[in-house]
Every structure is written in C-alpha cells, then in structure tokens.
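My notes follow the order in which I checked things.

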Amino acid sequence: MKCEWVKENVLLYVYNELPDDARYELEQHLARCADCTAELKTTRKFHTMLSELPVEEPSPNLVAASRMRLQEGLETAEQGRFWHRLIFDPAAWLRQVRFAPALAAAIFIVGFAGGIATTYKVVSDRGASIASVPVSTPAESSITGIQSISQDPGSNHISIKYNTVSTQEAQGSLNDQRIQQLLLFAARNNYNSGVRMDSVDLLTQEPNNTHVREALMYALRYDSNPGVRLKALDSLGPFVKSDPRVRDVVLEALIQDSNPGVRTDALRLLDPVRADSSVRTVLQELARSDQNQYIRSQARIMLSQLPEFD
Amino acid sequence: MAGQASGRIDDTMLVREAQHGNRAAFEELVRSYDQAVLRLALHLTGSEHEAQDVYQEAFLKAYKSIGNFRFECSFYTWIYRIVTNLCLDHLRKRQVRKEDAPVATDAAGEQYDVLDQVPDGRSGANPERDLMRRELGKRISHALEKLTPRERMVFELKHYHGLKLRTVGEVLHTTEETAKNTLFRATQKLRGALADMR
C-alpha cells in the first residue's frame with residue numbers, strides 16, 4: 001500500500017515539491033524498501049538524463065542585441081501612445097499637432113462614430129491661409145481617440161481616423177447601479193481631477209461595496225492628485241483591520257506616496273494594525289531612517305506601544 | 001522616503017513609475033527579468049533568432065499593457081505569464097508547421113528534420129563525446145516535441161527553469177494540482193519516448 005503512494009510521489013520528491021511531512025514519510029519508507037529505492041534511482045537517472053538538453057545561458061551578445069532592439073521598439077510604441085492621450089477636446093488636439101509649414105497641401109480627416117460620419121477638411125496651398133469646412137459642432141460630439149494616421153507615400157496627403165461619441169446624461173441616486181458604474185469609471189478615467197474628486201467623494205459613501213472599495217484603492221494608489229488620494233485614504237481607513245488588501249494599500253501609501261500629508265494620514269490610520277508583522281517591519285524602517293521627522297518620531301511612538309516580541 | 005525593505009518594494013515602485021509613463025523605470029524592470037526571459041525562450045525555441053522575437057514581443061506587450069497591471073499577482077508572475085503565452089503560441093504554430101516540415105536524409109540514410117535546431121554551446125576536446133551528446137540532445141528535443149504545448153510548457157518551466165509547481169499554476173492561470181497532473185503526464189510521455197535510451 002505504502003509503496004504505491006511512494007511511487008506516485010517519487011517524482012515530486014525528486015523535484016523537491018513535496019511538503020515537509022510527506023517528504024519525511026517518503027524518506028522513512030525508502031530506508032526500509034529496496035523496491036522503492038530502485039524506483040527512486042530510475043527516476044533520478046531519467047531526471048539527470050534530460051539535462052543532456054542543457055539550458056544555455058544567453059550570450060552577452062544576444063542579451064545586448066535584444067536590449068537594443070527593444071529600445072527601438074519602445075520608442076516607436078511611445079509615439080503611438082502619444083496620440084491616445086488626446087481626448088475630448090478637438091481644439092486642444094489641433095494645437096498639439098504641429099503642422100510644419102512644408103507639410104501643406106491637403107489634410108483629410110475622416111471620422112467614424114456609429115453612424116455619425118464627420119468630415120473635417122483642411123486645405124492649404126503652399127503655406128497660404130487654411131480654409132476650414134466646419135461640420136458637426138464640437139459641443140455635441142467629442143473625440144474619444146485617434147484610431148489611425150496614415151500618409152500617402154510621396155505626397156502630403158494625410159488621413160486620420162478618429163472616433164467620436166456624443167455626450168449623454170444620466171440621473172439617479174447613489175443606489176442606482178448605472179450611477180455607481182459611471183462613478184467608478186469617472187474615478188479611474190477622467191482627465192479632470194475635479195471630476196475625479198467629485199466621484200471619489202460620492203463613492204466614499206459606499207465603501208462596503210467591493211467594486212467601490214477597489215476603485216478607492218485604485219485612486220489611493222494611482223491618482224495624480226493628492227487631494228483625491230487623501231479622500232480615498234480616509235474612506236478606506238476604517239477597513240485596515242478587516243481587509244488585508246486595504247492594509248497593504250495603505251502601507252504602500254505610507255512607504256511611497258509623494259505627498260507627506262498622505263503619508264502622515266496613512267501612518268495614523270495604520271495604528272489599529274501596528275502589531276501586524278508587515279506593518280511592524282515598515283515602522284521599524286521608518287523609525288530608523290525616514291527623511292520626515294514627524295514620521296520618524298510617530299513611528300517610534302507606535303513601536304514603543306507594542307508589547308515586546310522576540 | 002523610507003529605505004527599500006525588499007526587492008518586492010523595488011519592483012512596486014518601478015512598476016508604478018512605469019505606469020506613469022517613465023520609460024527609464026520600465027527599462028530598469030526589463031533588466032531585472034530579461035535574462036531569465038531570454039533563457040526560457042532560447043531553450044524552448046532552440047533558436048537565437050526566435051528567442052529574440054519572443055523577447056521583443058513579450059516586453060513590448062508588457063510595456064503597452066503595464067497600465068492594466070493591478071498588483072493582483074507579483075510582477076514576476078505577470079511577466080512570466082506574458083512570455084509563457086507567447087511561447088505557447090510559438091509551440092502551437094510549430095505543431096502546425098511540423099505536418100509539412102521539410103525532411104532530409106543524412107549520410108547514414110536516417111531521416112532528420114531540417115527545422116531541427118538544438119543550441120550547442122559546448123565544444124569540448126572530445127569530438128566523439130560531443131557528437132553523442134548532441135545526438136542525445138536531439139532525441140530529447142524530439143521527445144519534447146511529442147508533448148502538447150501545455151505539457152511542454154509545464155515541463156519546461158518546472159524541469160528546466162526550476163519554477164515551483166505553484167508558480168507554474170499561477171503563470172498558466174490554473175491550479176497547482178492541474179500543473180502537477182500535467183507534469184506527470186508529460187514525464188510519462190517522455191519516459192515512453194526515450195525508453196530505449198540507456
């Protein structure tokens with residue numbers, strides 16, 4: 001009976017994947033069983049034989065060449081990204097795209113948006129004034145992204161495909177699922193920090209909802225505006241004890257947020273969990289070497305309130 | 001700022017920076033992982049050229065989608081996932097190609113696969129032993145090709161790159177148990193294919 005179990009697990013043993021107790025049992029059995037010991041030997045031999053197809057270390061040349069090629073690739077990718085950031089404002093978009101005077105003759109812009117075809121044509125003759133043919137008013141439609149830009153080879157004709165969407169309005173209470181979805185979207189995706197602030201503000205009223213909590217954690221981690229981060233932090237504070245993910249996010253904010261106000265707040269909010277080993281480790285590090293004097297002293301105080309551990 | 005307590009925190013900071021568009025931070029991350037990635041791709045594809053392609057695709061993909069990384073797993077796992085998926089694609093394509101792979105006959109009248117490439121960095125003073133070694137290597141390579149792409153991947157990650165089965169599971173979006181069973185199946189197939197090797 002035991003032999004069967006051993007034979008099933010000898011492969012895992014050779015790969016060092018057995019948990020300690022199973023490993024111990026197996027070794028004990030092997031000491032008494034010639035059959036199984038032979039099986040182990042065969043397995044080990046096979047295992048070693050497979051190394052006749054050795055894992056080669058990539059040559060320094062290969063590594064260097066790969067890195068260089070990647071750098072080129074990243075540069076191209078970065079330029080592609082630039083266009084993706086241009087959203088919402090057609091005027092700003094036009095301002096950002098610099099037209100060299102030589103790049104004159106004709107630019108055709110064709111847009112697609114679920115039935116709404118917008119055509120914006122700019123014609124210029126050797127640097128003469130640009131005559132524009134306006135189409136749908138920017139107020140009603142906004143550009144959500146540039147899909148593609150291509151230039152006819154050997155000419156100055158450029159065609160740009162962009163997507164537009166029309167603005168809509170949703171109304172309802174905080175309990176409406178649609179409203180909640182939009183708030184979550186706004187907290188993550190809006191380029192206007194005021195809008196993000198408003199949405200996070202409303203979301204703080206519902207931190208028990210999983211999606212809301214995730215959005216708040218996201219805001220704390222990634223939002224560029226410290227006010228928004230602070231708001232999210234304060235709302236998540238009560239959950240450091242019950243939710244380890246929240247604790248970790250707040251810990252992260254304490255360690256690496258660029259804003260001292262956020263860090264100080266994070267430190268304060270971690271007080272209920274100061275005995276947790278990960279928190280304690282961070283506190284020790286902060287008490288020893290943090291640049292911010294207040295944080296150093298606060299960390300020391302919190303540590304001194306802990307019972308002594310070995 | 002508080003000093004870095006562990007490599008994990010370093011990664012986190014670099015990832016965050018990269019997410020904010022800091023290309024230098026991304027390149028720093030690349031440098032921590034790229035040799036392992038190259039090693040894996042090289043051993044799996046058997047070709048420096050193809051390994052480079054996998055490398056390029058993997059890190060470009062990572063660069064483009066790093067904004068979606070939510071720290072739900074470690075960056076290590078995330079990168080390995082990307083590379084593994086590309087390797088799986090490669091293996092699947094190879095399987096299809098194999099059906100009409102050009103076959104040639106060598107001096108001894110044995111058929112061999114023209115697409116076979118086995119990296120052989122070791123040239124020793126003993127040419128006979130080298131030849132034997134190369135032969136063995138080729139046979140192992142052949143046997144590995146008999147595995148399904150997933151079996152090959154699990155085996156590759158576990159046996160040749162020492163990843164824990166738990167990590168293998170995470171990388172392949174499955175459980176440790178499934179990875180374990182896949183490993184068993186793969187080993188059994190290999191033993192069968194290489195049974196006549198002393």
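How many residues of chain A are in contact with chain B? I found 33 residues of chain A in contact with 38 residues of chain B. I took two residues as in contact if their C-beta atoms, placed from the backbone, lie within 7 Å.

Ground rules next. This is a predicted model, in which local features need pLDDT of at least 70 and side-chain atom pairs count only at pLDDT 80 or more, while totals for chains, interfaces and linings use all residues. Residues are numbered from 1 along each chain as its sequence is written, and chains are lettered from A and ligands numbered from 1 in the order in which they are written.

**Entry 1: the side of chain A that touches chain B**

I listed the elements that give two or more residues to this side of chain A: helix H3 (34-49), helix H4 (60-84), helix H10 (244-256) and helix H12 (277-289). Helices (H or I, at least four residues) and strands (E, at least two) are DSSP runs, numbered from the N terminus. H4(A) gives the most, with 11 residues. I then sorted the side of chain A that touches chain B by class, and got 17 nonpolar, 6 polar and 10 charged residues. For this sorting, Ala, Val, Leu, Ile, Met, Phe, Trp, Tyr, Cys and Pro count as nonpolar, Asp, Glu, Lys and Arg as charged, and the others, Gly among them, as polar.

**Entry 2: the two chains**

I counted 13 helices and 5 strands in chain A. Chain B has 8 helices and 2 strands. From the N terminus, the order of elements in chain B reads α-α-α-α-β-β-α-α-α-α.

Burial came next. A residue is buried if 20 or more other C-beta atoms lie within 10 Å of its own, exposed if 12 or fewer, and partly exposed in between, with C-beta atoms placed from the backbone. In chain A, 21% of the 310 residues are buried. In chain B, 30% of the 198 residues are buried.

I also looked at contacts between residues at least 6 apart in sequence. In chain A, 49% of these join residues at least 24 apart. In chain B the figure is 54%.

**Entry 3: the cores**

Which residues touch the most other members of the largest nonpolar core? They are Ala41(B) and Val83(B), in a core of 44 residues. A nonpolar core is a set of buried Ala, Val, Leu, Ile, Met, Phe, Trp, Tyr and Cys residues joined through C-beta atoms within 7 Å. Several helices of chain B each supply at least two residues of this core, among them H1 (7-19), H2 (23-45), H3 (48-65) and H4 (75-98). H2(B) gives the most, with 9 residues. The core draws at least three residues from each of domain 1 (7-113) and domain 2 (118-198) of chain B. Those bounds come from an automatic or database domain assignment.

I checked Val83(B) on its own. Leaving aside neighbours within four places in sequence, Val83(B) is in contact with Val37(B), Leu40(B), Ala41(B), Val54(B) and Ala58(B). Apart from this core lies another, of 36 residues, including Leu203(A), Leu236(A), Ala253(A) and Leu254(A). In soluble globular proteins, nonpolar side chains tend to be buried together.

**Entry 4: H1 of chain A**

H1(A) covers residues 2-14. Its 13 residues reach 18 Å from first C-alpha to last, close to the 18 Å expected at 1.5 Å a residue. The expected span is 1.5 Å times one less than the number of residues. H1(A) bends by about 40° at Glu8(A). I read the bend as the angle between axes fitted to the seven residues ending there and the seven starting there.

Which residues of H1(A) are buried? They are Val6(A), Val10(A) and Leu11(A). Their cover includes H2 (20-32) and H3 of chain A, together with H8 of chain B. Trp5(A) is also in H1(A). Trp5(A) counts as partly exposed because it has 14 C-beta neighbours inside 10 Å. Asn16(A) follows H1(A) and has a positive phi, near 60°.

**Entry 5: loops of chain B**

Phe71(B) lies in the loop between H3 and H4 of chain B. Its phi is positive, near 60°, though Phe71(B) is not a glycine. His173(B), in the loop between H7 and H8 of chain B, also has a positive phi of about 60°. Is His173(B) buried or exposed? His173(B) is exposed, because 10 other C-beta atoms lie within 10 Å.
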